[in-house]
Amino acid sequence: MTLDVTTRADFPILDRIVNGHRLVYLDSAASSQKPRAVIEAMAQYYATSHANVHRSIHTLGEEATALYEAARDRVQRFIGAASREEVVFTRGTTDGLNLVADALGRTLRPGDEILITDMEHHSNIVPWQMAARDRGVTVRSIPLAPEGRLDLEAFERLLGPRTRVLALAHVSNVLGTINPVAPLCVRARQAGAVTVVDGAQAAPHLPLDMSRLECDFYTFSSHKMLGPTGIGVLWGRRQALEALEPTRGGGEMIKEVWIDRARWNDLPWRFEPGTPPIAEAVGLMAAIEYLDKLGMERVAEHERALARQTVEVLQAIPGITVYGPPAGVDRGAVVAFSVEGLHPHDVAALLDQGGIAVRAGHHCAQPLMRTYGITGTARASFSVYSSSEDVSLLSHALAALRTQL
Amino acid sequence: MTPAARTGLYSPTIRERWRQPRFRGELPGVTAQAEDVNPLCGDRVRMMVRLRDGAVDAVRFTGDSCAICTASADVTAELSEGRLAADAARLTTEDVLAVLQADIRPTRMRCVALPVSVLHKALAP
């Protein structure tokens, strides 16, 4: 029995009729849908236990604090972090990357280099440009080899004594490429660089184990992994987090404050100023419980099968170009494609008429689009509820599409 | 009839202008031009204008854009040719929509608006 058979009934939104058709939601890489367990956990929290965390000396405050910190423990186990202090709640992947880039940026000196890759999302490019700006620091980028993988020889050439940071995606949000994070991070560490991994497209789809990834920082969003919007996670190796100066101040992140100075709180609260997203943490905890029950190995296997099916059926349709590596072990749950003679936005709009939701455009990866000499692509992406039938409906609609405009 | 035709997102005018735009191409003797992108999708449109005696003598556009944006650029060019430059500079998205006769949703309104705003930029003093 495929995974979607077990899960579909748990996602109320999948009952929606869109433009007269059953919703075929193939845009989970942009944001996944939510199981009833997540929606109800958040409603239950607001209905029974809401108060501010950490400083409220009353029953509700204690309950809210216990739930918020229990969510941290759940994340710690989910990603194989060595301790709960290494788990910082953020607003999402973009927020986590900005936090690290901002803090690391302050330690950089003229002549230093930041190494990224040509397949990064804008959120793993622009924060580094900001960190480099006005400091005499250069951002360099690892080009792609054929089939949408990183050019590892170029990586070796680009990595040098001036490289202070390596920042890369675990899984490309366009090509679906699963990058060999651990060996790259080992090499970067040997060269003296801090390593930062954008896990936005990996955490929802692959089993994660921070003790084996070899990176210093890893960041991801809740809303792509069945949880609510507005919360994400920054994991940092303890020594790496301790070496970072907080760049955002406020309540909660301090131990003591005087008019002219302050003393920082312990990890992880040092990086969590202000009232955190409490209900969202409760929702994320429910999402992780849901994923754990399914088992991430099974999730990965289900989505790998869907990606393989999609690549195969789309490649068989005349006029369709599929981007990224061939279906296999190093390909994640996204398939980007273009239809000859049609603009990606028109492809998405025409598919939407049949109730099929795909993403279209540059996917916040304009440097990557330029590498391929295109302005954008359409993209189908999957989650635990995606089915083989969804892919069939997509391919039938696409086969008929070119005559429609 | 296709589903899109039934709902009118891609009106006959948009289809026709997308398949065979009348004003796409380079413009010899161009006197004013501008280019811009739609940050949402990366679409790029360049509007080229040839002015003569304060009037818009000819307009052409180039770029890489969706059917709606291409059709809008084509209609924008057509509506501005032959007008006084000052009048062409007052052309609005609504003027273009009136010709397109399509049910444009809010998410695609910027596809219609881009060529109009690029024309304004080209004609700005």
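How many residues of chain B are in contact with chain A? Before I answer, two remarks on the model and its labels. The model is predicted: local features need pLDDT of at least 70 and side-chain atom pairs count only at pLDDT 80 or more, while totals for chains, interfaces and linings use all residues. Residues are numbered from 1 along each chain as its sequence is written, and chains are lettered from A and ligands numbered from 1 in the order in which they are written.

To the question, then. 16 residues of chain B are in contact with 16 residues of chain A, contact meaning that the C-beta atoms of two residues, placed from the backbone, lie within 7 Å. On the chain B side, helix 1 (3–7) and helix 2 (12–19) of chain B each give two or more residues; helices (H or I, at least four residues) and strands (E, at least two) are DSSP runs, numbered from the N terminus. Helix 1 of chain B provides the largest share, three residues. By class, this side of chain B has nine nonpolar, four polar and three charged residues. Here Ala, Val, Leu, Ile, Met, Phe, Trp, Tyr, Cys and Pro count as nonpolar, Asp, Glu, Lys and Arg as charged, and the others, Gly among them, as polar.

I turn now to chain A itself. An automatic or database domain assignment divides chain A into domain 1 (3–27 + 296–403) and domain 2 (41–292). Their centres, taken over C-alpha atoms, are 28 Å apart. Between them, 26 residues of domain 1 are in contact with 24 residues of domain 2. Helix 11 of chain A contributes the largest share of the domain 1 side, six residues.
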